[in-house]
Amino acid sequence: MPPAAASKKRKRGAEDSEKASLVLSSQPASQVGPVLASFPALDPPKSTAFKCFAQKGTDKNAPFEVQPTIVAGEAETVEFFTADGPLSSTGCSYMIGVHDKRTNTTTLRPAPLHILTRRVKALKNLRPIEVSTEERMAQRNNLGEAFGTKKAKAAIRARERNRVDIDAMKDVAGHLQDTIMENTGTLPTVEEAKATADSSRLIPPYNADALSPRDVYALHDIIPEAEFNALPISAFKSAKTDKDRIALLPFNRSDWLRLQLRLIYAAPKPNKSELKIVYYIATMMAFHKNSRNVGDKDALQQRLSGVPPIVVDGLISRFAEAERSTNKPKMTPQTETMLLAYMLALCLRIEDYAADTETIAHDLSMPPTKITGLFKSLGCTIKKLGPNELKERGLPDSSAETKRAVLKVPLEFPKNRVKRARR
């Protein structure tokens, strides 16, 4: 081997002895240790002493670098202190190393980073001079007049012209107050306005002081007694099957009506009153489906075959309005809402005041949101029944996932939403 090549060959252990080894500090992690401090604006004198303070309630067993601490020091004319506690950053940490030349070992320990701010002692007790709103606006206008654009200057002059002189208004303030009191004296109170709003609701007459859901909407306030007594149910005695019974109703394309008839005849003795209510609900459904024929009574009576004329006349008189041009009855959006509200109040009575909203909406070919809105206008809340409520009403456990309109007392109607003004 050439001599030059032999001299460049590295000897084992010659450089390894110059390398330092790194070790972590063996002191407890919660013990007070070194702190990194940053002084963005002013460096303190080297002779300034600093102390580290822990906030009250600090977990003393937590590592020192994550404890909420404050570093503070005082020079002759300036105070230094931590601005917002130790700086914490995800994915970034700081460590301080101490090198021991004797053992060639560097000991590392985590350290918190504090950003320190300063405060001049002479200005410590001085408060800034408060500037009023008028002074601030005046200074702003002066800047606008000196450096603003033509548009900005025009806006400043417009504000000055429209400014109200408070001193000039002192003499007429009493007169304005008397005028306001005189004009607002005829306005209704909150209670009177609420009573007026409740009386104009498109729902059946109600008892606001009712102690039971059954007493909220009286039956004969929805179905007049004469019409109730005229409802024909004698033909149901000869009907043997559910199919025969549903065929006797004026409207038979309804899963809800089919279920109610099945439940009525599942009892040892069918309830005649409930059977009449179901028959009247079916009549209201048929009346709603044939709303276009309301103006032609003969065609409507033919569509509602089997329904007594007194019942048809009552539906027309309550849920239709005469047109101005032809003087013929016609169902309007208001009367349709009233018809549906009266119908749903009867559905609540039949289903023990926990009505199945989805099935009724499907039978009426309406979106469920509209039906739930009508139930809410009656004072209902939409929810799923719990196990105890299902047991009280004799419903199966499978009905737990069905949303129902539940009428509770004391009666509460939905509050009108206040729309925010558009900017």
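Where is the place of Asp352? It sits in the loop between H14 and E11, and that loop gets its own view below. Everything here comes from a predicted model, in which local features need pLDDT of at least 70, side-chain atom pairs count only at pLDDT 80 or more, and totals for chains, interfaces and linings use all residues. Residues are numbered from 1 along each chain as its sequence is written, and side-chain values use heavy atoms, with hydrogens and water left out.

**View 1. The loop between H14 and strand E11 (354–356) holds Glu351, Asp352 and Tyr353.** Helices (H or I, at least four residues) and strands (E, at least two) are DSSP runs, numbered from the N terminus. Asp352 has a phi near 55°, a positive value in a residue other than glycine. Tyr353 isn't a glycine either, yet its phi is positive at about 60°. Buried means under 20% relative accessible area, exposed over 50%, and partly exposed in between (1.4 Å probe, protein chains only). Tyr353 is buried because its relative accessible area is 6%, and Glu351 counts as buried at 13%, whereas Asp352 is partly exposed at 37%.

**View 2. Glu351 and its contacts.** Leaving out residues up to four places away in sequence, Glu351 touches Trp256, Gln260, Asp356, Ile360 and Arg404; contact means heavy atoms within 4.5 Å. With Arg404 there's also a side-chain polar contact of 3.3 Å. That term is a pair of N or O atoms within 3.5 Å; within protein, one must be able to donate a hydrogen and the other to accept it, and residues adjacent in sequence count only if both atoms are side-chain atoms.

**View 3. The largest nonpolar core, with 66 residues.** Such a core is a set of buried Ala, Val, Leu, Ile, Met, Phe, Trp, Tyr and Cys residues joined through side-chain atoms within 4.5 Å. Among the residues with the most contacts inside it are Leu257, Met284 and Phe287. Elements giving two or more residues to this core include helix H10 (255–266), helix H11 (272–289) and strand E13 (403–407). A second, separate core of five residues includes Val71, Ala75, Val78 and Phe80.

**View 4. Phe287 and its contacts.** Not counting residues up to four places away in sequence, Phe287 touches Val294, Leu300, Leu304, Leu315, Ile316, Phe319, Met331 and Leu339.

**View 5. A cis peptide bond runs from Val409 to Pro410.** Omega is near 0° here, and Pro410 lies in the segment after E13.
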